[in-house]
Amino acid sequence: MKIIKLFSITIICCMMPGIAYANEAISGSESLQGDQSISNIVDTRFDELTRGINLTGWFSQTSSFNFDRITDSDLETIKSLGFEHVRLPIDSAFLFNENNPGVLNTKYLSYLDSALDKILAQDLSVIIDLSPEDKFKQLLANDDVFVNSVSQFWKTLAGHLSTRNPEQVFLETLNEPAFGYFLSNNPSINPVERWNEVQGKLLAAMREGAPNHTLIAKGFDWDGIDGLKALTPVEDPNVVYNFHFYEPMVFTHQGADWMDEAFLYLHDLPYPYNQEDCAALIPTIIDVTARKWAQSYCDAKWDAAKIEARIGEAAAWAQKNNVRITANEFGVYRSSVAEDDRIAWIHDTRVALEKYDIGWAMWEYAGGFGLTEKNEEGVRIPNENVVAALGLYVEDVDDDEDDDPPRRIPEPRAIAGFVLLTLLFMRVKRVAHSG
C-alpha cells in the first residue's frame, strides 16, 4: 500500500510542471485581469518575434504607393522559408492627419487592412511599425502639441487594430526616433529624458487603444544599442524592447548614397577582419574621410567575437531590467561589398542574436539590403546564401514526401518530468521486488 501511495505521489509531482506550462500557454490568450502576470503573456508570444523580415517600400520608403509591391506569392515564399513574422513599416503620411488625428485616412486604412489579411492568411505574425519622415520626428521631439496629436492618432490606430489577434499582431511606437539628432540645436533639452517622456505617452495611448496587444519600445537615438541602454523601461510589462544592429556602419553601409558622402567611397572592406586585405585596400580609397574610416574599421578588427560581445551588451541590459528584447533590423547594403563578406556578417549577427535569445528581423525582403534578387524574368528569387546565413532553408517544391508539419520538440521541463517519472518508477519497482 505504501508503494502505491508513493507511486501516486510521484505521478502527481511529475505532472505539475506540465500543468503549470499548460496554464501558462492558456493565459497567453486571455485578457489581463486581476493579479495575472503580463510578463507570462509576453513570453508566450515571443516566439512569434523570432525569425522575421522587413517588408520595405510597401507602406513606407516610397514616393508612389503600389499595393501589389508585395504579392501573395511573396508572402508564401516568406512563410516557406521558415520566417515567423514580418515587420511592416508604415509612413504616417498614409493615415495621419495632424488637424484631425482621431480620424484615420479610410482609403489607406482599407489597404492596410487588406495587407494584414494577406499576411495573417499565411500564418505570419506582423509588427506594425510607425515609420514617418524626418519632419514628423523633429516635431515629435520639439512640440508638445504635436506629441498629443500623435498620441491620439496611435490610440485610434491601436483601437482599430485591437480586433486583430494579439498573439500575432504587435505595435511598435516609432522607427528610429533620433531625438539626439533632432534636439541637437536645443541643448537645454536632454534627448534621453525627452524620449522617455514622449514614448511613455505614446505607449499609454497605444495601451488604451489595444489593452491586450504586446507593444514594442526602443531607445532615444537611431534604435542603437547605446540608446537602448540609456532607456528606462516602462511599468507596463507587456512591452518588448527593440534595437537595430548595423555595426560597424562603415562596413554595413558601404556605397550608401543616402548617408554622408564619404560612404560612397567605401568598398570591399573585408569581414571578418583580414590584415592583408586591409593593407591592400586602404590605399585605393580616394576620399580622405572614407580612407580614415576604413583604417579605423581595420584597426577595430571586427569578427564574430566582436559582434557577439556588442550584442551581449544589449542582452545584459535586458537581463538587468528583466525584459525581453528583439533586433528587428539588421543587414548589409550589397552594392559595394563582397558577397562572401556580406554573408559572413549576416550569419555571425544572426548566431549572436540567437545565442542571447533575441528575436530578429532582417532588413529587408526586397531592396538594396534584400533577401531576394530578381531573375531575368523579373521574379524575386531568395538568395540561397543569405537564407542559409539566416539558418533557414529553401523548401523543395517537388518534394512529395510527408506533408505533415514538423513536430515540435518537447519543452525541456516536459522531458525532465518524463525522465524523473521513469527513474522513480524504476526505483518503486526495485523496492517492491526487494520487499
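Two strands pair if DSSP finds at least two bridges between them. Strands (E, at least two residues) and helices (H or I, at least four) are DSSP runs, numbered from the N terminus. The model is predicted; local features need pLDDT of at least 70, side-chain atom pairs count only at pLDDT 80 or more, and totals for chains, interfaces and linings use all residues. Residues are numbered from 1 along each chain as its sequence is written, and side-chain values use heavy atoms, with hydrogens and water left out.

The chain has 16 helices and 10 strands. Strand 6 pairs with strand 7 (residues 325–330) in the parallel sense, over 5 bridges. His244 has Glu329 of strand 7 as its bridge partner. Strand 6 also pairs with strand 5 (residues 215–218), again in the parallel sense, over 4 bridges. Here Lys218 has Asn242 of strand 6 as its bridge partner.

Strand 6 is mostly covered, with 7 of its 7 residues buried. Buried means under 20% relative accessible area, exposed over 50%, and partly exposed in between (1.4 Å probe, protein chains only). Val239, Tyr241, Phe243 and Phe245 point one way from the strand. Val240, Asn242 and His244 point the other way. Across the chain of 435 residues, 46% are buried.

Strand 6 (239–245) also supplies at least two residues of the lining of the second largest pocket, as do helix 5 (134–142) and helix 9 (225–229). A pocket is an open set of points on a 1 Å grid over the protein atoms alone, where a 1.4 Å probe fits, with protein on both sides within 12 Å along at least five of seven lines; lining residues have an atom within 4 Å of a point. This pocket holds about 1,200 Å³ of space, the volume being that filled by probe spheres set on the points, which are joined across faces, edges and corners. The lining divides into 14 nonpolar, 11 polar and 13 charged residues. Ala, Val, Leu, Ile, Met, Phe, Trp, Tyr, Cys and Pro count as nonpolar, Asp, Glu, Lys and Arg as charged, and the others, Gly among them, as polar.

The chain averages a pLDDT (the predictor's confidence in each residue, from 0 to 100) of 87. Of the residues, 81% score at least 70. Over residues 1–38 the pLDDT is below 50, and this stretch has 38 contacts (heavy atoms within 4.5 Å) in the model beyond near neighbours in sequence. Over residues 397–426 the pLDDT is also below 50, with 13 such contacts.
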